Amino acid sequence: MDWTLFGSALLSSTLLPGGSEALLLYRLHQGADPLASVATATAGNVLGSLVTYGIGRFGRRAVNRTSEKTERHVARAERWFSRFGRPSLLLAWLPLVGDPLCLVAGVLRVSVGSFLLLVTLGKLARYAALAWFV
């Protein structure tokens, strides 16, 4: 397993800034196995989203919403979630809104099973599309 790719994907799907797409593309360009790389990136990214979900579900006060930028992203995610419901979690891979969507899902106590299914499908599709175009 490519632990660097896994770690990069995990960190990039938490509320911390980061991106794992460039590392995935680099690994694929270097000849890494596409299936293993996509699976590794997806697993790390989903685990990171699960951490964000857990923060929302169990540690609502642990989320620092004092910055105006964070408030805007969380408010946007709440609007998406109230408008589109659980299927909006398919878009958890999107920059800026994806992490807050996972946080809102935790705050709203979406079931872990449906959360994992939808988030995994969305993130797998994104990484698979990236690998397909390389």
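Biologist: What makes Gly48, Thr52 and Asp99 residues that Thr14 touches?

Modeller: Contact means heavy atoms within 4.5 Å. Leaving aside residues up to four places away in sequence, Thr14 touches Gly48, Thr52 and Asp99. This is a predicted model, in which local features need pLDDT of at least 70 and side-chain atom pairs count only at pLDDT 80 or more, while totals for chains, interfaces and linings use all residues. Residues are numbered from 1 along each chain as its sequence is written, and side-chain values use heavy atoms, with hydrogens and water left out.

Biologist: Why is Thr14 called buried?

Modeller: Buried means under 20% relative accessible area, exposed over 50%, and partly exposed in between, with a 1.4 Å probe and protein chains only. The relative accessible area of Thr14 is 9%, and therefore Thr14 is buried. Thr14 lies in the loop between α1 and α2; helices (H or I, at least four residues) are DSSP runs, numbered from the N terminus.

Biologist: What does the side chain of Thr14 reach at 2.8 Å?

Modeller: The side chain of Thr14 reaches the backbone oxygen of Leu11 at that distance, 2.8 Å. A polar contact is a pair of N or O atoms within 3.5 Å; within protein, one must be able to donate a hydrogen and the other to accept it, and residues adjacent in sequence count only if both atoms are side-chain atoms.

Biologist: How do you know that the buried residues of α2 line one face of the helix?

Modeller: The buried residues of α2, which spans residues 21–29, are Leu23, Leu24 and Leu28. Seen down the axis of α2, they fall within an arc of 135°, so they line one face. That arc is taken over the directions from the helix axis to the C-beta atoms. The face turned away from the buried side of α2 carries the exposed residues Ala22 and His29. The buried residues of α2 pack against α1 (3–12), α3 (34–58) and α6.

Biologist: Why is Ser37 counted as buried, and which residues does Ser37 touch?

Modeller: Ser37, in helix α3, has 7% relative accessibility and therefore counts as buried. Not counting residues up to four places away in sequence, Ser37 touches Leu5, Leu24, Leu28 and Ala32.

Biologist: What makes the aromatic pair of Trp3 and Phe6 edge-to-face?

Modeller: The search of the whole structure finds 2 aromatic pairs. Trp3 and Phe6 form an edge-to-face pair, 5.6 Å centre to centre, with 75° between the planes. Rings of Phe, Tyr and Trp (its six-membered ring) pair if their centres lie within 6.5 Å; planes under 30 degrees apart count as stacked, over 60 as edge-to-face and the rest as tilted. Trp3, at 60% relative accessibility, counts as exposed, whereas Phe6, at 15%, is buried.

Biologist: Why is the aromatic pair of Tyr53 and Phe115 called tilted?

Modeller: The planes of Tyr53 and Phe115 are 35° apart, with the centres at 4.5 Å, and the pair is tilted. Tyr53 lies in helix α3 and Phe115 in helix α6, so the pair ties together parts that are 62 residues apart in sequence. Both Tyr53 and Phe115 are buried.

Biologist: What makes Arg109 partly exposed, and where does Arg109 lie?

Modeller: The relative accessibility of Arg109 is 43%, and therefore Arg109 counts as partly exposed. Arg109 lies in the loop between α5 (98–107) and α6 (112–132). Phi of Arg109 is positive, near 60°. Most residues other than glycine have a negative phi.

How values were computed. Helices (H or I, at least four residues) and strands (E, at least two) are DSSP runs, numbered from the N terminus.
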